[in-house]
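Morning, everyone. I will walk through one structure, starting with a sheet and then moving on to some helices. Please have the picture up.

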Amino acid sequence: SNCFDKGPAVGITCRNNLTGEEFEVRSKAIIFAGGPFTDSLRKLEDPDCKNAVKGAAGTHVVLPGYYCADGIGLLDINTSDGRFLFFLPWQGSTLVGTTDRKEDAVSSPGPPEDEIQWILNEAEKYLSKDMKVRRADVLSAWQGYRPLASDPNAAPGAPVSRDHIISTNPDTGITFITGGKWTTYREMAEDVLNRVIKMKGLKAGPCVTDTMPLRGGVGYSRNIPVQLVQDFGVSEETAKHLARTYGVNAFEVCKLTKPSGKKWPRFGNVLIEGYPYLECEIEYCCKNEMVVTVKDMLTLRTRLAYLNSAAALEAAPKVADLMGKSLGWSKAETKRQLDEALAALTEFGGSVPKKVGSKLSAATLTDIRALFDQFDLDKNGFIDYQEMKTMAKELGSPFETEEEAQQTFKKMDVDNNGRVYEERFVQWWHETGPDDKLRKELGNKFKFSAEKLGTGSESRGVAFG
């Protein structure tokens with residue numbers, strides 16, 4: 001909240017969300033820099049202000065690293081519905097995205113299942129036919145919001161901008177900055193501070209943000225990972241991670257490592273197998289980087305939740321215990337922290353679809369192809385009537401009567417030639433709806449539940465070309 005009723009703003013009232021404590025901070029200048037949430041800040045000073053931000057949500061999916069060669073990315077600027085799609089190697093995995101959904105920003109990272117499915121279905125078009133994209137391959141998925149900026153004083157219908165805008169309320173003197181992107185954050189800081197300094201008549205030297213290194217950057221060299229391996233006996237993968245994350249401070253992290261009990265690596269106990277994060281990083285971050293929540297440690301500090309949501313859930317109890325020891329938490333506080341983290345982590349997408357409110361089929365094209373292959377017993381490229389009956393029985397979904405079997409095959413055999421090719425099988429899966437007995441039972445068998453498949457007209461899914 002603000003510290004004024006009318007006229008220029010002279011400060012803010014802050015709340016410590018960890019303790020509930022509130023206190024005032026007085027200032028000669030106030031800047032709102034709330035990203036996609038900027039307008040909610042502006043409404044504190046003027047409830048009737050025109051919006052300056054239009055939120056654009058984008059879903060990202062993380063797949064195993066083998067889907068994308070290291071150092072090589074792909075960008076398609078014209079997908080089936082005109083959106084961009086990219087494949088990028090990221091932290092040993094493959095990052096695929098993104099969607100573009102216009103809506104007000106929310107804090108939850110939880111992505112819509114429909115958008116995960118769209119990304120997976122679109123991704124299959126760019127891969128070799130012997131590369132199978134399965135829904136179960138999704139390691140993590142999340143949504144983020146881009147603050148598309150629009151000048152509230154511009155003419156109606158003026159286009160939004162991906163560049164940043166700066167504006168000052170003449171009544172309160174509060175300046176806000178919004179728009180831009182992560183890659184321009186230093187330029188944004190310089191622009192808004194220069195403007196406020198000039199407007200308020202403040203004294204300051206030239207901005208130095210463009211030459212100021214990040215923490216751990218002074219003295220950094222590309223050989224630091226080699227030094228870490230040689231001096232501390234950590235693995236090469238962990239050494240690269242530590243150097244990339246902490247810069248020269250990686251040496252301080254490694255001083256906290258404990259013997260692994262292995263011949264190699266000799267030091268450094270990993271937080272969870274398959275990832276380079278060390279247990280001692282928890283202690284270092286608590287003592288040197290002001291981390292105070294398990295949620296923060298598993299999302300923003302290690303990024304484990306963004307890389308593999310299931311791995312983050314598995315590591316959460318250990319992280320809570322290590323943080324509790326470093327920060328002197330009680331058992332009750334450790335449990336509260338863990339519960340808070342688990343609730344946040346379950347919002348991320350993963351290998352199991354969350355189909356509440358979704359309209360697309362839970363099965364990806366690869367899933368349906370795999371099912372078709374099981375029905376095609378003689379591997380001649382199509383399913384005949386006897387194969388359908390045999391496999392329905394083998395998979396635990398036998399037909400009760402011959403008439404029932406004939407009606408089901410007729411739905412598949414739209415060409416009326418006794419042969420159901422893969423394309424027709426896919427078409428049958430998406431168009432028949434979950435009320436069809438065979439499809440429903442197969443969906444349950446392969447964990448595509450009725451909820452995941454939708455109901456009624458919402459179950460028809462998408463057509464694959």
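Start with strand 3 and strand 11, the latter at residues 175-178: these two pair in the parallel sense, over two bridges. Within that pairing, Phe32 stands opposite Phe176 of strand 11. Before going further, note that this is a predicted model. Mean pLDDT for the chain is 86, with 89% of the residues at 70 or more.

Two packed helices are described by the angle between their axes and the distance between the axes. I will give both values for two pairs, and helix 7 is in each pair.

Take helix 5 with helix 7. Helix 5 covers residues 236-246, and its axis is 13 Å from that of helix 7, at an angle of about 10°. Angles under 35 degrees count as roughly parallel, so helix 5 is roughly parallel to helix 7. The crossing of helix 5 past helix 7 is right-handed. On the helix 5 side, the contact is made by His241, Leu242 and Tyr246; on the helix 7 side, by Glu281, Tyr284 and Cys285. By type, the residues of this contact are four nonpolar, one polar and one charged.

The other pair is helix 7, residues 280-288, with helix 10, residues 309-327. How do their axes come together? They come within 9 Å and cross at roughly 40°. Helix 7 and helix 10 are therefore oblique to each other. Helix 7 also passes helix 10 in a right-handed crossing. From helix 7, the residues in contact are Ile282, Glu283 and Cys286, and they meet Val319, Leu322, Met323, Ser326 and Leu327 of helix 10. That contact divides into six nonpolar residues, one polar and one charged.

A few points on the backbone. Where are the cis peptide bonds I want to show? One runs from Gly97 to Thr98, with omega near 0°. Thr98 sits in the loop between strand 7, residues 93-97, and strand 8, residues 101-102. Another runs from Trp264 to Pro265, with omega near -10°. Pro265 has its place in the loop between helix 6, residues 250-254, and helix 7.

Met290 has a phi near 60°, which is a positive value in a residue other than glycine.

Last, a stretch to read with the confidence values in view. Over residues 448-465, pLDDT stays under 50. For that stretch the model has 44 contacts beyond four places in sequence. That is what I have for today.

Definitions and conventions:
Residues are numbered from 1 along each chain as its sequence is written. This is a predicted model: local features need pLDDT of at least 70, side-chain atom pairs count only at pLDDT 80 or more; totals for chains, interfaces and linings use all residues. Side-chain values use heavy atoms; hydrogens and water are left out. Axes are lines fitted to C-alpha atoms, for helices over the stretch in contact, and angles run from 0 to 180 degrees between N-to-C directions. Helices (H or I, at least four residues) and strands (E, at least two) are DSSP runs, numbered from the N terminus. Angles under 35 degrees count as roughly parallel, over 145 as roughly antiparallel, 65 to 115 as roughly perpendicular and the rest as oblique. A crossing is left-handed if the near helix is turned anticlockwise from the far one by less than a right angle, and right-handed if clockwise. Contact means heavy atoms within 4.5 Å. Ala, Val, Leu, Ile, Met, Phe, Trp, Tyr, Cys and Pro count as nonpolar, Asp, Glu, Lys and Arg as charged, and the others, Gly among them, as polar. Two strands pair if DSSP finds at least two bridges between them. pLDDT is the predictor's confidence in each residue, from 0 to 100.
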